[in-house]
Amino acid sequence: MNRYPLWKNLLIGIVLLWGLIYTLPNFYGEVPAVQVSSGKATLKLDATATMARVEESLKAAGIAHDGLFADLTSVRARFRDTDTQLKAKDAIEKTFNPDAADPSYVVALNLLSASPQWLTSIHALPMYLGLDLRGGVHFLLQVDMKGAVTKRLDATAGDLRTLLRDKNVRHAGIGREGAAVVIKFRDTETQARARSVISAANNDLQLVEGQDGADYKLTASLTPLAQKTIQEFAIRQNISTLHNRINELGVAEPVIQQQGLDRIVVQLPGVQDVAKAKDILGRTATLEIRLVDDTPGGLEAALQGNVPPGTELYTERGGNPLLVKKQVVLTGERLTDAQPGFDGQTHEAAVHLTLDSAGARIFKDITRENINKRMAILLIEKGKGEVVTAPVIRAEIGGGRVQISGRMTSEEATDTALLLRAGSLAAPMEIIEERTIGPSLGAENISKGFHSTLWGFVAIAIFMCAYYMLFGLVSVLALASNLLLLVALLSLLQATLTLPGIAAIALTLGMAIDANVLINERIREELRNGSTPQAAIHAGYDRAFDTILDSNVTTLIAGIALLVFGSGPVRGFAVVHCLGILTSMFSAILVSRGLVNMIYGKKRKLEKLAIGQVWKPGI
Amino acid sequence: MEFFKIRKDIPFMKHALVFNVISLITFLLAVFFLATKGLHFSVEFTGGTLMEVSYAEPPALEKLRDALGKEGYQDAQVQNFGSSRDVLIRLPNRSGDETAKVSEKVMASLAAIDGPKAELRRVEFVGPQVGKELASDGAMALLLVIGGIVLYLAMRFEWRFAVSAIIANLHDVIIILGFFALFQWEFSLPVLAATLAVLGYSVNESVVVFDRVRETFKKKRGLTTPQVLDHAITSTISRTIITHGSTQMMVLSMLLFGGETLYYFSLALTIGICFGIYSSVLVASPLVMWLGVSREQFMQVKKEKQEAVV
């Protein structure tokens with residue numbers, strides 16, 4: 001009666017074999033590698049061509065590699081040691097990025113699993129280590145959604161102005177007031193006409209009529225749907241901007257993810273230069289192109305604290321004051337590319353900008369209408385604007401190709417281009433959480449976590465074997481298989497393993513032994529009550545099952561609550577904890593029973609079980 | 001080996017009142033410490049900047065404090081951590097300060113001190129908005145755990161069991177928190193995780209006992225309720241001690257080898273495990289008794305059928 005049908009034994013065997021295979025990659029360790037990936041959104045990586053180029057450049061430099069690998073976004077080369085890796089990185093860097101000021105590829109140092117090819121091909125990868133185990137930087141960025149909406153409204157005010165002028169509707173002023181654009185009119189007739197014109201052209205706006213003294217006004221606010229779209233767009237644009245900026249850092253496996261509605265998580269494994277990372281990320285700059293107001297007397301009045309309406313006072317980078325119109329001609333969204341370079345004629349350092357088609361059209365109109373006037377490129381950082389440059393418009397510029405030159409060093413040109421090229425952010429962002437872990441601390445954390453688990457396991461194993469003898473050994477084997485399955489599952493899911501995660505592995509093992517203790521105690525009890533050994537095994541497993549189920553479900557409820565509401569370290573703990581409870585059910589009940597069946601199942605006349613001393617009262 | 005050679009059921013329920021008074025006192029003490037001393041929340045909850053730097057030789061902490069004071073961080077806490085060569089610096093969030101830059105400024109001012117150079121090991125910066133969310137998320141998680149467990153136990157057993165299990169185990173949670181308040185140990189996110197894990201774990205303990213209670217009620221007639229409870233506890237006591245002992249071995253291993261990060265985590269677990277045994281055996285069971293559990297509650301199904309016939 002204590003025999004499993006063949007399919008059950010097979011199932012256990014297959015599951016354990018699967019666990020073994022997927023756990024294997026964790027034992028091979030890692031080897032140094034160099035990773036090449038695209039550094040620009042416009043550049044698609046061609047895997048085979050890139051592989052050939054990497055091969056060639058390594059051959060030219062006389063460096064031997066231990067294998068080339070390609071996936072959709074990158075090509076990786078493995079090397080024997082870190083010295084070779086560094087040399088190879090320089091060689092590859094030289095081939096792929098001849099112009100160091102303008103890298104098209106990201107060439108980064110990385111670590112690759114040393115597991116054999118056949119394991120990698122079945123997606124058996126080592127566990128994905130969290131930042132606290134491998135070192136690196138973690139940022140949580142908050143996107144200022146109000147800022148995104150305000151910005152959109154400013155642009156809307158400009159659009160409406162153009163629209164009304166085109167349609168010959170005379171208004172008495174347009175401006176943004178709080179979360180709405182207010183348009184004033186002299187009479188109701190124009191107000192009505194404007195209303196129909198606007199609602200025909202723009203369906204993102206809700207229009208409300210009103211009266212303000214002698215003026216009639218129309219208050220245009222964004223519909224909830226439009227606001228939602230803007231916010232979604234803002235976070236997407238910010239994420240892609242961050243991607244571009246981080247590519248400049250040359251990080252092998254950056255993680256950039258949306259978290260919640262308005263937050264972005266950035267994780268940069270292996271990055272040690274936090275200051276530089278923050279500098280690049282923290283450039284919460286938005287870019288705006290506006291016209292300079294050169295009306296005579298305007299600047300003087302503004303300097304005396306009397307800023308003319310519709311304009312704002314800014315300081316140019318050199319320190320000169322500048323009066324800039326409030327109306328935004330173009331924002332960074334219209335910019336598709338920016339490169340540092342040199343002016344074809346004067347050989348001065350210059351920045352070359354490329355605009356998208358809508359941007360190009362607007363730019364053409366503006367430049368045609370404003371020849372010999374000045375245009376200001378503003379960098380708005382945390383609500384404060386700075387005029388990066390204010391060039392004079394020499395001629396009408398069509399086709400969307402713009403060059404800014406003059407009074408710039410080539411370093412400044414590179415800097416400006418980097419800021420422009422990285423794309424400006426749709427909404428300002430702020431770092432609200434930062435975690436930096438040095439590489440030595442990461443390695444220490446791994447060894448601490450590993451040793452805690454190891455010694456805890458050893459202690460339990462010794463005790464169980466001493467107390468329950470053969471059944472203790474079976475319990476320990478079941479516990480080991482639990483560990484095996486848990487690690488395999490974590491490797492398969494590529495769930496991030498953190499130090500709290502390792503703690504959860506240890507704790508789960510400590511708690512999982514409960515099921516086996518329950519079973520063993522039950523078997524002893526049955527024996528004490530006079531059952532035959534075979535019946536005792538059967539009843540022990542049977543009766544303990546209910547209890548094991550109940551107790552695991554309650555523990556699982558706690559685990560799931562942590563998973564749902566936990567963030568950061570708690571989440572890492574909860575994932576492992578929940579998975580561990582599931583694997584422990586399997587191993588404690590099926591695997592240990594399977595083993596016991598194999599040992600005792602076939603013996604018809606079983607006199608005694610090796611389960612330690614079965615003490616009976618009265619003997 | 002057999003540690004537990006128990007001839008007769010131990011009359012736990014005779015002393016139920018004593019146990020309940022003891023746990024009431026510990027509970028009230030814990031609440032008292034929580035109220036008067038409060039928890040020493042980690043940076044994750046309060047917001048602020050925490051930095052861990054390490055030196056080749058032990059630095060003079062006074063010097064570090066002076067240097068930070070000059071930078072305008074008079075409210076910086078500088079203390080040794082682990083060894084005399086590792087230093088922990090805590091800075092509260094200040095409004096208007098460019099918070100994300102704090103760690104760089106601090107490193108710069110540390111670098112300006114002559115003597116051994118500081119190596120940055122770890123930075124944790126948490127903005128003010130994050131901390132509040134964590135606290136509310138923690139509370140939500142706790143509520144979900146309580147609700148889920150009560151519901152499950154009420155379904156599988158009976159509401160009396162559910163209520164007494166959750167009361168007994170919340171009492172564990174409060175006692176863990178009380179310890180953290182009394183000794184002003186740092187209450188961090190991993191500790192919160194440990195606390196909630198303990199809640200699940202010790203309910204599990206109560207479940208094992210309750211399971212036996214149910215079984216005994218069904219199987220053995222003629223026993224009074226206290227006798228049934230005594231029998232259930234006595235027959236599971238060996239399992240209780242061995243399981244907890246095993247789990248504690250693992251936790252002890254973390255306490256010894258896990259380093260600073262896992263220290264308070266495993267400490268919370270240790271307290272939780274010790275009080276978990278006590279509360280699920282000696283608090284939950286008397287509570288079930290006070291709430292008036294009886295054999296009939298497990299025979300209800302049959303009874304209803306009979307009534308239907310009549």
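Tutor: In this predicted model, helix α6 (residues 159–182) of chain B packs against helix α9 (residues 259–282) of chain B at an angle of about 145 degrees, and their axes are 9 Å apart. The crossing of α6(B) and α9(B) is right-handed.

Student: What makes the contact of α6(B) with α9(B)?

Tutor: From α6(B) come Ala168(B), Asn169(B), His171(B), Asp172(B), Ile175(B), Ile176(B) and Phe179(B). The contributors from α9(B) include Ala268(B), Ile271(B) and Phe275(B). By class, the residues of this contact are seven nonpolar, six polar and one charged.

Student: Why is chain A called more spread out than a compact globule?

Tutor: For 619 residues the globule rule gives 25 Å; the radius of gyration of chain A is 34 Å, well over that value, so chain A is more spread out than a compact globule. Along the principal axes, the C-alpha atoms of chain A fill a box of roughly 115 × 70 × 40 Å.

Student: Which strand of chain A pairs with β5(B), and in what sense?

Tutor: Strand β21 (residues 429–437) of chain A pairs with β5(B) in the antiparallel sense. Ile437(A) has Arg122(B) as its bridge partner in β5(B).

Student: How many residues of chain B are in contact with chain A?

Tutor: There are 58, in contact with 64 residues of chain A. The largest share of that side of chain B, 14 residues, comes from α7(B).

How values were computed. Residues are numbered from 1 along each chain as its sequence is written. Chains are lettered from A and ligands numbered from 1 in the order in which they are written. This is a predicted model: local features need pLDDT of at least 70, side-chain atom pairs count only at pLDDT 80 or more; totals for chains, interfaces and linings use all residues. Axes are lines fitted to C-alpha atoms, for helices over the stretch in contact, and angles run from 0 to 180 degrees between N-to-C directions. Helices (H or I, at least four residues) and strands (E, at least two) are DSSP runs, numbered from the N terminus. A crossing is left-handed if the near helix is turned anticlockwise from the far one by less than a right angle, and right-handed if clockwise. Two residues are in contact if their C-beta atoms, placed from the backbone, lie within 7 Å. Ala, Val, Leu, Ile, Met, Phe, Trp, Tyr, Cys and Pro count as nonpolar, Asp, Glu, Lys and Arg as charged, and the others, Gly among them, as polar. The radius of gyration is taken over C-alpha atoms; the globule rule is 2.2 Å times the number of residues to the power 0.38. Two strands pair if DSSP finds at least two bridges between them.
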